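Here are my notes for a colleague opening this entry for the first time. Please keep the model on screen while reading.

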Amino acid sequence: MNRPLLVIDRLVAGYGEASVLAGISLTMDEGRTLALLGRNGTGKTTLVDTIAGLTTHHSGSIKLLERDITRLRADRRVAAGIGWVPQERNIFKSLTVEENLTAIARSGPWTLPRVFSMFPRLEERRRNLGSQLSGGEQQMLAVARALMVNPRLLLLDEPLEGLAPIIVDELLAALRQIVEGEGMSAIIIEQKARKILPLTDDAIILDRGVVVYSGTSAELLDNDEVMAQHLGVGRAATPA
Ligand SMILES: Nc1ncnc2c1ncn2[C@@H]1O[C@H](COP(=O)(O)OP(=O)(O)OP(=O)(O)O)[C@@H](O)[C@H]1O
């Protein structure tokens, strides 16, 4: 399980001529999960969107399973193994839950019955339109839909954002099952570091488009100084 899944080398990217990512290098092995942390506007979404192929590439490279995907179009990156769950979810509002899931499905171990067993709520709502779902159900659908493309790497941009606490717990339990039980590799952006670090193996912190911390999630959880300096998070006794 230890071959490199994702290798990013000195990546500079942004929007048009503006660079947001100012030289990012990171390596992620298969089966690992990475928490992508940092204050607002530090480049987290830009990094995930750049891996998904949605920004302007300036220099550096991105390799997935040793294949250089730096210049591939976004749809080809999906075929190459990138599953992307954007911050705004982007579900098809006028399609049913089931249609959302089958519309972009690719063959592989993740099938409709399997995602329904992971998200029983979605099975109950399978004939409802996307527009009829609650925010939590929409987020579950966005994650389930990304699984249906049978990715090698799942990119999740603030999946817990704006959800009620009970739904956050339900989604966290499903994510734990996906990454720990099923061995899915994932990069997860999250504002609340203490919520996500117990779920992930490794963590990086971005500041102004560069990596300012990289280590295991357990080490970071124990490092009050780094948490305070780069994330504005108080000591362990204070919930993040
Ligand atoms: N579409 C865009 N066009 C131009 N600049 C953008 C665009 N999207 C983001 N930016 C800029 O890129 C920088 C990084 O934004 P990004 O969304 O990647 O940060 P973030 O760490 O994900 O923050 P947040 O937690 O607020 O989502 C910001 O300065 C932002 O203004």
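Which residues have the most contacts inside the largest nonpolar core? Point 2 takes this up, after a word on the model.

1. **Ground rules.** This is a predicted model; local features need pLDDT of at least 70, side-chain atom pairs count only at pLDDT 80 or more, and totals for chains, interfaces and linings use all residues. Numbering starts from 1 along each chain, as its sequence is written. Helices (H or I, at least four residues) and strands (E, at least two) are DSSP runs, numbered from the N terminus.

2. **The core.** Leu36, Ala144 and Leu155 have the most contacts inside the largest nonpolar core, which has 64 residues. Such a core is a set of buried Ala, Val, Leu, Ile, Met, Phe, Trp, Tyr and Cys residues joined through C-beta atoms within 7 Å. Buried means 20 or more other C-beta atoms within 10 Å of the residue's own; exposed means 12 or fewer; partly exposed is in between; C-beta atoms are placed from the backbone. Helix 6 (residues 135–148) gives the largest share of this core, eight residues.

3. **Around Leu155.** Set aside the neighbours within four places in sequence. Leu155 is then in contact with Val48, Ile51, Ala52, Ile82, Gly83, Trp84, Val85 and Ile187. Contact here means C-beta atoms, placed from the backbone, within 7 Å.

4. Six strands form an open sheet with mixed pairing, in the order 6-7-8-3-9-10. Strands pair if DSSP finds at least two bridges between them. Why is one side of strand 6 and of strand 10 (210–216) left without a neighbour in the sheet? Both stand at the edges, each with a single partner strand. Neighbouring strands are turned by 15 degrees against each other on average, direction ignored. Axes are lines fitted to C-alpha atoms, for helices over the stretch in contact, and angles run from 0 to 180 degrees between N-to-C directions.

5. **Pairing and packing.** Strand 3 (residues 33–37) and strand 9 (residues 202–207) pair in the parallel sense over four bridges. Ala35 has Ala203 as its bridge partner in strand 9. Helix 6 packs on the sheet, touching strand 6 and strand 7 (153–157). The direction of helix 6 makes about 170 degrees with that of strand 6.

6. **The ligand shell.** Which residues lie around the ligand? They are Tyr15, Val20, Gly38, Asn40, Gly41, Thr42, Gly43, Lys44, Thr45 and Thr46. Near means a C-beta atom, placed from the backbone, within 6 Å. The shell divides into two nonpolar, seven polar and one charged. Ala, Val, Leu, Ile, Met, Phe, Trp, Tyr, Cys and Pro count as nonpolar, Asp, Glu, Lys and Arg as charged, and the others, Gly among them, as polar.

7. **Helix 1.** Helix 1 (residues 44–52) gives the most to that shell, three residues. Seven of the nine residues in helix 1 are buried, including Lys44 and Asp49. Just after helix 1, Gly53 takes a positive phi of about 90 degrees.

8. **Two residues to check.** Glu66 has a phi near 70 degrees, a positive value in a residue other than glycine. Glu66 sits in the loop between strand 4 (56–64) and strand 5 (67–68). Glu66 counts as exposed because it has 9 C-beta neighbours inside 10 Å. Arg89 is not a glycine either, yet has a positive phi of about 70 degrees. Arg89 lies in the loop between strand 6 (82–85) and helix 3 (97–103). Arg89 has 20 C-beta neighbours inside 10 Å, so Arg89 counts as buried.

Key:
Two residues are in contact if their C-beta atoms, placed from the backbone, lie within 7 Å.
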